[in-house]
Amino acid sequence: MVEIVSLSRKYVRAEVLGIREEADLIVALAGAMNTGKSSLFNILTGASTKVSNWPGTTVSVKRGYRRSHGKTILFIDLPGIRGYYGATLEESVAKKYLLHEKYDFIVALGDYVTPEKSLYINLLIAELFPRTIFVFNKVDKISIKEAKDFENYLYNRLGVKIISISAIRETGVKELEKTILELGSDKRSLYCTNIGIDYGDLEQYIEDIIKILSNYHIDQCRTSLRGLAVNYLAEDFDVENYLNNLLSETDMNRIASIRERARENLKMNLADYIITKRYEFIESLLKSSPLKKIFETTYYRKGWIDRIIEIPLGGVLIALGILFLLFSAIFILNTGFPLTTIFSMLGLEEISTILETYSLSGLLSALIGFVTDLIRSSLTNAPEPLVSLLTDGILGGVGAVLTFVPLIFLVSLGFAVLEDSGVATRVAVGLHRGLSRFGFSGRYVYPILVALGCNVPAVMLSRGALSSGERLAQILSVPFIPCQARLIVMLAFAQAIFPDRPLEQVLLVLLIYVIGITISIISGAVTRRLFIHERYEPELLLELPEVHRPYAKVVGWISWSYTKEFIIKAGIIIFLLSIFVWFLSYYGPGGYVGNKFEESYGYLIGSYIAPLLSPLNIDPQKAPYIGFALLQGFVAKEGLLSGITIMTGIENPVEAVESLGLTTVQMISLLIFLMLYVPCLATLSVIYQETRSIKWTLLAIFYMISIALLISLAVYYTLSLM
Amino acid sequence: MIEKIIGEDKIYLTLDQAQINRKYRVVSVSAGRGLTERIYEMGLLPNTDIIIISRSGGHVIVLVKGVSVALSRGIAKKIFVEELRTTEAVRSP
């Protein structure tokens, strides 16, 4: 019996994803990487995107709706695949969804630039899952006639519906929508492809397995028996599992012995044979197709980035330098820093001040200051706690979220340009060798570069990781990199530790950077071994996207979606936590305390945190001050300094640090601890946003505190012995 | 180092020794289970023509079936190729 697709309302039972929403039709979006799948998904679903994680993994599966002719179509965006065998976690998730979860149709995406590769992936999907429609993107690269001819050709040869689109120009999308609705509403002609790849010497074994499978109730239009047999012979793990659940033990043994016989007869690895046969099939299919010409031209256009990377000895470093300048420019635009410091060191204070005032965050803080004054002056008669809540609490919280918004937008804009143009991947490939020793791919270079400015967007860039395991390792490791806010603290401490000795000051700052970056790289190996337990292949085997001028639409969409997600997800957490911290700082056991911090809950908590630093032999009288500063530094790293100045009552941060009465060794080890101890509140919120797991967020805190204590104690005892 | 297979006139080399901008044909892949399949699925299977578009100490980038694929040295060493005599295969932009 074949299940007939009807257009009655139904609940989506993809319960693994926590989906229980209504839709008339469910369409799974699958396909190769670099074919513009995300762009198509974005065009189809607009702003309705929701993300869930596959249970037990950090592999995210997106879903979104499209309303059309009174019907609701739910699109499930599955992870992109490069093949079936030796699959990554992401590819396995895509396959598991198609094997076990609910959908009406699959849209398999390929493109006209790489027809051979696209057909390989699409046929892989359609062979096992007959309810597959092909969508070929980048139709703008060929003529309309060629596209139409190819559509007809493929339909006649394989019974596959193929729709040509251009995600960039948004052509063909209406037709895709129409086709999905038509196929979904027509109950009589059930769409079911029949891909007949000739497997030569394996055919008899495939037939034998099909005979056994046909005794079972399998919806053959959902999962084809032939596809199951072929993938079982190729030892596909997910298909084997699927059959294991379905077949009796006797039948499992029977098909196992068929596979054994096939192996003995062919005297080679069956999967290798099957892949070869598939490519032969595609070759003969394309040779007589209207796309013959594209298929036979194998020219490659070298981009400027290829030419730079090719420069012997240091080509990659030059490319890296260019990227570094790009991200520096973004940070200068945002805060004026480090250009402001350079100008003021050259004695050009005025230029430095102008730059700072008219930087994005300068303008933003001017705005916040203006609104604060407005509230204070219009509420002169209101009770002080209320005014403080409105200004220090709520407005402070809004400000904390807002300061990150332009930064995240600019960073993701810069990254989207690199990513969409294909430059990002090429530079990462060049750096892969060094980073792979620590369990990272070359792509970790982007979080590192951005983290030097700010950790918050850096954590978001972990999305570029090659696997979800690597992504977690990046998220846990990147906050060790000193950001701009931490540099301010570093400079103040350096001046207090080595007054009037600029060389030592510079060396100390450099040392902290070396420590931070080194830890964040070694941390890849540590986190993988301790927490992630993912088998890692440091070897690189990666498809590169073509180098082209970035598309404004794609770039705009990526940066907007990063920013939007930050505002909605992390923004709310940052806002609420800011208000909570306001409460801790302005209220104590005795009620509202105003500026008397010694009576606040914050001070109380600070004195509980203080014993953490007892191994550094810090004077117990001073310890609560540092404890409170630690709490402030958790809210925002630059808060470490203001925490110390408020507590000591000394305006100048350098003098305030000096007044703590610490020895040089204590100050250096304390500084190292302060630089590493915990991600700031905003970073933490983004860690939660990216992992969607309280467990991993808490682990990040615990892990960083442990490493910070370890390193600062090691430095303390080493220096004490000297 | 170029490996010469006895009994045949053709010279086989591993992909990590291949020269930039030249055309080769894949002869065989000798990697473990799993990895061989992945290499095959990327299109690098016997009798496929490829062009080396970039290389450095750590990796090789080849054009195979219209797609550029980056391979680290470790993987490139496992792929045997023979050189094809052709005209300049890579066009300037």
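## Loop residue B:Asn21

Helices and strands here are DSSP runs, numbered from the N terminus. In this predicted model, B:Asn21 lies in the loop that links strand 2 (11-14) to strand 3 (23-29) of chain B. The phi angle of B:Asn21 is positive, about 70°, although the residue is not a glycine. With a relative accessible area of 24%, B:Asn21 is partly exposed, because the buried class is limited to values under 20%.

## Chain B as a whole

Chain B contains two helices and seven strands. Read from the N terminus, their order is β-β-β-α-β-β-β-α-β. The chain has 93 residues, and 52% of them are buried.

Counting contacts in chain B between residues at least 6 apart in sequence, 58% join residues at least 24 apart. The accessible surface of the chain is about 4100 Å², and carbon and sulfur atoms account for 48% of that surface.

B:Leu45 sits in the loop between helix 1 (35-41) and strand 4 (49-55) of chain B. Its relative accessibility is 4%, so B:Leu45 counts as buried.

Once residues up to four places away in sequence are set aside, B:Leu45 touches A:Ile275, A:Thr276 and A:Tyr279 in chain A, together with B:Val26, B:Tyr40 and B:Lys65 in chain B. B:Gly66 is 21 residues from B:Leu45 in sequence, and their C-alpha atoms are 14 Å apart.

## Helix 7 of chain A

Helix 7 of chain A spans residues 225-233, and nine of its nine residues are buried. These are A:Leu225, A:Arg226, A:Gly227, A:Leu228, A:Ala229, A:Val230, A:Asn231, A:Tyr232 and A:Leu233. The elements covering them include helix 3 (115-128), helix 6 (203-213), helix 8 (237-246), helix 9 (249-266) and helix 10 (270-287) of chain A.

Just after this helix comes A:Glu235, in the loop between helix 7 and helix 8 of chain A. A:Glu235 is a residue other than glycine with a positive phi, near 60°. Its relative accessible area is 29%, so A:Glu235 is classed as partly exposed.

## Buried lysine A:Lys637

A:Lys637 is placed in the loop between helix 27 (623-635) and helix 28 (639-648) of chain A. The residue is buried and has no salt bridge. Which side chain of opposite charge is nearest to A:Lys637? It is that of A:Glu638, 9.1 Å away.

The side chain of A:Lys637 does reach a backbone oxygen, that of A:Val678, at 2.3 Å. Apart from neighbours within four places in sequence, A:Lys637 is in contact with A:Ala485, A:Arg486 and A:Val489, and also with A:Leu674, A:Tyr677, A:Val678, A:Pro679 and A:Cys680.

## A nonpolar patch on chain A

A:Trp304, A:Ile311, A:Ile318 and A:Ile322 make a nonpolar surface patch of about 370 Å². One of these residues, A:Ile322, belongs to helix 13 (residues 315-335) of chain A.

A:Ile322 has a relative accessible area of 38% and is partly exposed.

Notes. Residues numbered from 1 in each chain as written. Chains lettered and ligands numbered in written order. Predicted model: local features only at pLDDT ≥ 70, side-chain atom pairs only at ≥ 80, totals over all residues. Heavy atoms only, no water. Helix = DSSP H or I, 4+ residues; strand = E, 2+ residues; numbered from the N terminus. Buried < 20%, exposed > 50% of the residue type's maximum accessible area, 1.4 Å probe, protein only. Lys, Arg positive; Asp, Glu negative; His and termini not counted. Salt bridge = Lys/Arg side-chain N within 4 Å of Asp/Glu carboxyl O. Polar contact = N/O pair within 3.5 Å; in protein donor to acceptor, adjacent residues only side chain to side chain. Contact = heavy atoms within 4.5 Å. Patch = residues over 30% accessible without salt bridge, like charges linked within 9 Å, V, L, I, M, F, W, Y side chains within 5 Å. Areas by Shrake-Rupley, 256 points an atom, 1.4 Å probe, with all protein chains shown as cover.
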